[in-house]
Amino acid sequence: MEYLSLYLFAAVCLLLMLGYPVALTLAGTALAFAAGGVLTGVFDAGFLNALPGRIFGTINNMTLIAVPLFILMGNILEKSKIAEELLDSMAKAFGGLRGGLGISVVVVGMLLAASTGIVGATVVTMGLLSLPTMLRNNYSPSLAAGTICATGTLGQIIPPSIALVLLGDVLANAYQQAQLSMNVYQPKTVSVGDLFVGALIPGLVLVGLYILYILVYSFLKPEAAPAAKSTGISPAQLLKGLLPPLALIVVVLGSILAGAATPTEAAGIGAVGALILAYAKGQMDRQRLRQVVVSTMEVTCMVFLILLGAALFSLVFRGFGGEELIHGFFQDIPGGVMGATLVVMVAIFLLGFILDFIEITYVVVPIVGPILLAMGLDPIWLGVVIALNLQTSFLTPPFGFALFYLRGVAPASLPTSAIYRGVVPFIIIQLLLISALWVWPEMATWLPGQLKQ
């Protein structure tokens, strides 16, 4: 009976692979196992008494209010064609250089990822906007596809992003739980803002490595990334396209880094600022605003329904003794904390093939997070590595989500094999960065420490 918690987890993964809705699968499977456990006397129904408190805590969580606001901000920037104008300006500015069009895609994708934080939205948007242009300018199909897929996954690590908001909220609870388990009754705290700061340097390093790869590739194979026929653009025109979205992101992220606003308050500033930009450019009317609000509501409802399903799953998993089972397993892993961390990262990487970041954040991280943090890991480092790990998983053939999103909008003339080949160098780059973080954890922990002084 001690393995019922693992059977529960395996059943959820199997049902998700069969295509059932995530939130209903989490909640329904957990209830079914709980009912069976109550009838057979192996599950204490008292665990379910905590569910109303969990639901109220989720709805009343001020940090999670940032989620719909960031989604609204990203939807406004997407629907108002601000991203399209930005890509056009960058392409005119750098397209005349070898590999310049690819660099433009990386830079614009970085800004778009910081705005939306949703992998699917960024990949689809960049695929529709930039893939035809790159192919028309005789870019290697694999380089074009790989650049777009890799850039689209930057939303996992470039702050501010929804993934980091959710991960920061979960890690904050896990960190307190870990300290209480060690009899630390005045626990230290870690916030979403801390995770934003910790992810900033690794995120920018990753963008720099992407650009460096494109430059080297275009130097070694000029025919694969030729200079585009650029019409040229004046500095004033470039600033007109680049400055508004860049200023918006700087204000949002800068207010968090400076401690002037919480992530939730900054998200509100970002949503209002995006709306003002859209109106100022004449790209927002009543019909488009309605589309933005409806789309935001749909995504928000999906996210919070998953959170509630995950809360029920977590309660039942703990009720079956899953937490103690995992803790005992980690204690027996050779290599101590590093060995346990490696096993968790491999598991999260594989789960990234079948689960989205929301499910992994709210189902897997609450189980393994407190145990790893109690073993001495830094919560900011752990959060950044998990985000990078998921980003790599979403990019890895044959099941990476980013590959499916691009395949859905790419022309039939672009073979799937070209998409798979194109992402391999970017996967290697991300694995190198994760390895660097493993050797030099200060890449993630130094800046948060400096800002707290």
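A residue counts as buried here when its relative accessible area is under 20%, and as exposed when that area is over 50%, with partly exposed in between. The model described below is predicted.

**Aromatic pairs**

By this cut-off F317, at 3% relative accessibility, is buried. F313 is buried too, at 1% relative accessibility. Both residues belong to helix α13, where four residues, about one turn of the helix, separate them. In an α-helix there are 3.6 residues a turn, so residues three or four places apart point the same way. The rings of F313 and F317 form a stacked aromatic pair, with 6.0 Å from centre to centre and 25° between the planes.

The structure has eight aromatic pairs. W381 is buried, at a relative accessible area of 4%, whereas W438 is partly exposed, at 29%.

The two pairs are set out in the table.

| Pair | Arrangement | Centre to centre | Between the planes |
|---|---|---|---|
| F313 and F317 | stacked | 6.0 Å | 25° |

**Helix α14**

Helix α14 spans residues 322-331, and G322, I326 and F330 are buried in it. These residues lie on the same side of α14 because the arc they cover around the axis is only 70°. What, then, covers the buried residues of α14? The covering elements include α1 (4-17), α13 (286-319), α15 (336-351) and α16 (357-374). Among them is α13, the helix that holds F313 and F317.

**Residue S89**

S89 sits in helix α5, which runs over residues 82-94. Is S89 buried or exposed? With a relative accessible area of 7%, S89 is buried, because this value falls under the 20% cut-off. Along the chain, S89 and A227 are 138 residues apart, and their C-alpha atoms are separated by 16 Å.

Methods:
Residues are numbered from 1 along each chain as its sequence is written. This is a predicted model: local features need pLDDT of at least 70, side-chain atom pairs count only at pLDDT 80 or more; totals for chains, interfaces and linings use all residues. Side-chain values use heavy atoms; hydrogens and water are left out. Buried means under 20% relative accessible area, exposed over 50%, partly exposed in between (1.4 Å probe, protein chains only). Helices (H or I, at least four residues) and strands (E, at least two) are DSSP runs, numbered from the N terminus. The arc is that of the directions from the helix axis to the C-beta atoms. Contact means heavy atoms within 4.5 Å. Rings of Phe, Tyr and Trp (its six-membered ring) pair if their centres lie within 6.5 Å; planes under 30 degrees apart count as stacked, over 60 as edge-to-face and the rest as tilted.
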